[in-house]
2 protein chains.
Amino acid sequence: MSRSLDGTDWRILSELQEDGRLSFNQLGRKVNLSAPATADRVRRLEEAGVIAGYQARIDAAHAGLPLTAFVKLRCSPGRCLLRTTASDEFPEVVEIHKLSGSSCTLLRVRAASMPHLEEIFERIGRHGEIDTQIVLSTQYEGRPVTEPPTENRSAERSPGWSRGTRPDGA
Amino acid sequence: MSRSLDGTDWRILSELQEDGRLSFNQLGRKVNLSAPATADRVRRLEEAGVIAGYQARIDAAHAGLPLTAFVKLRCSPGRCLLRTTASDEFPEVVEIHKLSGSSCTLLRVRAASMPHLEEIFERIGRHGEIDTQIVLSTQYEGRPVTEPPTENRSAERSPGWSRGTRPDGA
DNA sequence: GTTGAAATCGTCTAAGG
DNA sequence: CCTTAGACGATTTCAAC
């Protein structure tokens with residue numbers, strides 16, 4: 001396991017979340033480092049799994065998918081097919097979270113139109129009891145992950161569950 | 001307004017969501033286009049707002065923020081300070097959605113530890129009535145936005161609200 | 001971690017179909 | 001609207017300090 005991230009690492013992460021296409025030269029200037037040193041740190045962050053990849057951010061509204069909704073799905077253990085077949089059967093589901101309590105699953109879906117959204121709900125509804133919530137607007141999303149306050153970071157050293165089971169893995 | 005996206009555009013978007021650092025050359029090979037033609041299309045998608053930017057994808061768990069929670073916040077209209085001050089006061093809030101019904105707001109927060117999460121809840125709770133839900137695990141998130149089925153796309157031409165008010169803008 | 005230099009790669013422009 | 005070819009510019013990478 002790699003050691004904790006220092007301030008420079010966080011500055012690099014911050015810049016790379018704002019513009020993932022920065023060259024090592026440009027990035028280095030922003031964090032007061034030379035290009036090779038910057039490249040080393042980025043490579044290390046990639047290998048440590050902190051940087052999971054680089055991707056274009058798509059504005060779904062401009063891409064013909066203006067509707068977003070959250071769906072709470074309560075399915076019986078054996079029937080929760082979403083885990084395995086989501087990729088093929090539910091392309092509109094862009095996120096799947098398992099929540100605490102009531103064996104609940106939270107889905108986030110994108111749709112092109114109200115009929116489309118309705119059809120998605122109907123399809124998901126076959127897998128369990130659902131509770132839907134339509135998003136009117138989004139103030140922001142994908143906000144850069146930033147360095148947590150020091151007093152909370154110290155709790156990182158806490159036992160077991162925070163490291164091993166990886167509650168929110170990619 | 002630009003016209004609708006064709007199949008090649010969607011293939012480009014798909015590839016760029018998987019690897020946002022592809023060169024026009026590499027990308028062109030994947031979609032059977034030359035580099036200049038690919039550059040033209042990408043530039044057009046950028047200017048149309050479909051591609052909103054490029055960013056590094058951070059694995060929050062590996063970055064010391066293993067906990068994720070959703071917070072439903074029901075705040076009185078005048079006291080909903082989250083809109084303006086979120087950036088400074090709530091760095092842990094990575095998403096803000098306005099939901100239909102009950103003047104509800106859905107927040108997504110990331111935390112380093114349980115005490116940290118508890119402290120965040122307490123801080124948000126000062127702005128209204130909250131209902132919290134902790135994420136146990138995430139099957140996936142940030143799934144690439146894909147081309148919607150044709151029968152649903154046709155509904156894009158529906159009136160007013162789907163274009164003008166942009167329910168899910170970046 | 002820094003500096004400097006060389007090699008590589010990508011981008012851009014232009015001409016042509 | 002796409003393709004090919006060439007030149008320019010930039011980045012990455014290696015070496016040495």
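Chain A exposes about 8,300 Å² of surface, of which carbon and sulfur atoms supply 48%. The structure shown here is a predicted model, and every value in this briefing was computed from it. Strands from chain A and chain B together form a closed barrel of eight strands with antiparallel pairing, and chain B can be laid on chain A by a turn of 180°.

**Chain A on its own**

- The secondary structure of chain A amounts to six helices and five strands, and read from the N terminus these elements follow the order α-α-α-β-β-α-β-β-α-β-α.
- Chain A has 170 residues, and 47% of them count as buried.
- When contacts in chain A between residues at least 6 apart in sequence are considered, 62% of them join residues that are at least 24 apart.

**How the two copies are related**

- Superposing chain B on chain A gives an RMSD of 0.1 Å, with a turn of 180° and a shift of 0.0 Å along the axis, and the two copies are thus related as by a two-fold rotation axis.
- Both copies use the same surface for their contact, in that 100% of the contact residues of chain B recur in chain A.

- In chain A, helix H5 (residues 114-125) lies across strands E2 (67-74), E3 (93-99), E4 (104-111) and E5 of chain A, and runs at about 155° to E4(A).
- In chain B, helix H5 (residues 114-125) likewise packs on the sheet, where it touches E2, E3, E4 and E5 of chain B, and its direction makes about 155° with that of E4(B).

**Salt bridges**

- Side chains of opposite charge can pair when their charged atoms come close. Over all chains of this model, the count comes to 17 salt bridges.
- One of these salt bridges is formed by Asp9(A) and Arg41(A), whose closest N and O atoms are 3.0 Å apart; Asp9(A) lies in helix H1 (residues 7-18) and Arg41(A) in helix H3 (residues 35-47) of chain A, so the pair ties together parts that are 32 residues apart in sequence.
- Asp9(A) counts as buried because its relative accessibility is 10%, whereas Arg41(A), with a relative accessible area of 21%, is partly exposed.
- Arg108(A) and Glu95(A) meet in a salt bridge of 2.9 Å from N to O; Arg108(A) belongs to strand E4 and Glu95(A) to strand E3 of chain A, so the pair ties together parts that are 13 residues apart in sequence. Both Arg108(A) and Glu95(A) are buried.
- Glu95(A) also forms a salt bridge with Arg108(B), with the closest N and O atoms 3.3 Å apart; because Arg108(B) lies in strand E4 of chain B and Glu95(A) in strand E3 of chain A, the pair joins two chains.
- Arg108(B) is buried at 3% relative accessibility, and Glu95(A) is buried with a relative accessible area of 5%.
- Through shared partners, salt bridges join Glu95(A), Arg108(A), Glu141(A), Glu95(B), Arg108(B) and Glu141(B) into one network.

Methods:
Residues are numbered from 1 along each chain as its sequence is written. Chains are lettered from A and ligands numbered from 1 in the order in which they are written. This is a predicted model: local features need pLDDT of at least 70, side-chain atom pairs count only at pLDDT 80 or more; totals for chains, interfaces and linings use all residues. Side-chain values use heavy atoms; hydrogens and water are left out. Two strands pair if DSSP finds at least two bridges between them. Helices (H or I, at least four residues) and strands (E, at least two) are DSSP runs, numbered from the N terminus. Contact means heavy atoms within 4.5 Å. Axes are lines fitted to C-alpha atoms, for helices over the stretch in contact, and angles run from 0 to 180 degrees between N-to-C directions. A salt bridge is a side-chain nitrogen of Lys or Arg within 4 Å of a carboxyl oxygen of Asp or Glu. Buried means under 20% relative accessible area, exposed over 50%, partly exposed in between (1.4 Å probe, protein chains only). Accessible areas come from the Shrake-Rupley method with a 1.4 Å probe; for residues, only the protein chains shown count as cover. Copies are superposed by least squares on the C-alpha atoms of residues with pLDDT of at least 70 in both.
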